[in-house]
Amino acid sequence: NIPTESIAFLAKKCKVPIFADPVSCTKAARLLPSLSNLYAVTPNALETRILTGDKVESASDETLEKAVKVFTDAGVKTVALTLGEDGIYIADKKNGFHVRNLPCKLMNATGAGDAMMAGFAYAHTKEMSLKETALVGLAAAAIACESTTTINESMSIEAVLKRAGLD
């Protein structure tokens, strides 16, 4: 719920990487003036269309690479296009690939996107590869989905790394 002007100010002045989840189509538009100052974005298909003009239908859609190019040409370092049941398409300027969701016993999806973004940020601080970043984010999201509460009590760095196969 941050106004466009505040996002632009923070994105320009902040000295640390900024990870942005557009959250909705309306709020996605607020990121447009600041794309060049964002480290990572995690839009879904509808938000991607708002931000790039490209319609993303599925993980096999050829517009994935085109959409990523719009982001990376604007200066975004890492893009994770969230594809719902199809997982994510994660990319940087050099590489991009599809990573399927990790298995989970879905109880409640509330907080899954936040957990995924936290996983991405953690992976960044540990200088993990793009593939490892995807796995850590998806593992955190899967663990978040396996609880009836907003925050899964079994969420931990150890549990995330184990679920991601990186322990």
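Helix H5 passes helix H6 in a right-handed crossing; a crossing is right-handed if the near helix is turned clockwise from the far one by less than a right angle, and left-handed if anticlockwise. This is a predicted model, in which local features need pLDDT of at least 70, side-chain atom pairs count only at pLDDT 80 or more, and totals for chains, interfaces and linings use all residues. Residues are numbered from 1 along each chain as its sequence is written, and side-chain values use heavy atoms, with hydrogens and water left out. Helices (H or I, at least four residues) and strands (E, at least two) are DSSP runs, numbered from the N terminus.

**Helices H5 and H6**

- H5 covers residues 112-125 and packs against H6 at an angle of about 145 degrees, with the axes 7 Å apart. Axes are lines fitted to C-alpha atoms, for helices over the stretch in contact, and angles run from 0 to 180 degrees between N-to-C directions.
- On the H5 side the contact (heavy atoms within 4.5 Å) is made by Ala112, Ala115, Met116, Gly119, Phe120, Tyr122 and Ala123. On the H6 side the residues include Thr133, Val136, Gly137, Leu138 and Cys145.
- The residues of this contact divide into 13 nonpolar, three polar and no charged. Here Ala, Val, Leu, Ile, Met, Phe, Trp, Tyr, Cys and Pro count as nonpolar, Asp, Glu, Lys and Arg as charged, and the others, Gly among them, as polar.
- H6 (residues 130-145) has 16 residues and reaches 23 Å from its first C-alpha to its last, close to the 22 Å expected at 1.5 Å a residue. The expected span is 1.5 Å times one less than the number of residues.
- Of the 16 residues of H6, 14 are buried, so the helix is largely enclosed by the rest of the structure. Buried means under 20% relative accessible area, exposed over 50%, and partly exposed in between (1.4 Å probe, protein chains only).

**The sheet**

- Five strands form an open sheet in the order S1-S2-S3-S4-S5, with mixed pairing. Two strands pair if DSSP finds at least two bridges between them.
- S1 (19-20) and S5 (96-99) stand at the edges with a single partner strand each, so one side of each has no neighbour in the sheet.
- S1 pairs with S2 (residues 40-41) in the parallel sense over two bridges, and Ala20 stands opposite Val41.
- S2 and S3 are also joined in the parallel sense by two bridges, with Val79 of S3 as the bridge partner of Val41.
- S3 and S4 run antiparallel and are joined by four bridges. Val79 stands opposite Ala91 of S4, and Leu81 has Tyr89 as its bridge partner in S4.
- S3 and S4 form a hairpin with five residues between them, and Gly84 in the turn has a positive phi of about 60 degrees.
- S4 and S5 form a hairpin with four residues between them. Their pairing is antiparallel over four bridges, and Ile88 stands opposite Val99 in S5.
- Helix H4 (residues 63-74) lies across S2, S3 (78-82) and S4 (88-91), running at about 140 degrees to S3.

- Thr78 counts as buried at 13% relative accessibility. Leaving aside neighbours within four places in sequence, Thr78 is in contact with Tyr39, Ala40, Val41, Ile90, Ala91 and Leu130.

**Loop residues**

- Leu102 lies in the loop between S5 and H5 and is buried, with a relative accessible area of 18%.
- Leaving aside neighbours within four places in sequence, the contacts of Leu102 are Leu135, Leu138, Ala139, Ala142, Arg163 and Ala164. Leu102 and Ala142 are 40 residues apart in sequence and 6.4 Å apart in space, C-alpha to C-alpha.
- Most residues other than glycine have a negative phi.
- Val23 has a positive phi, near 75 degrees; Val23 is in the loop between S1 and helix H2 (25-28) and is exposed, with a relative accessible area of 57%.
- Glu127 has a positive phi, near 55 degrees; Glu127 is in the loop between H5 and H6 and is exposed at 74% relative accessible area.
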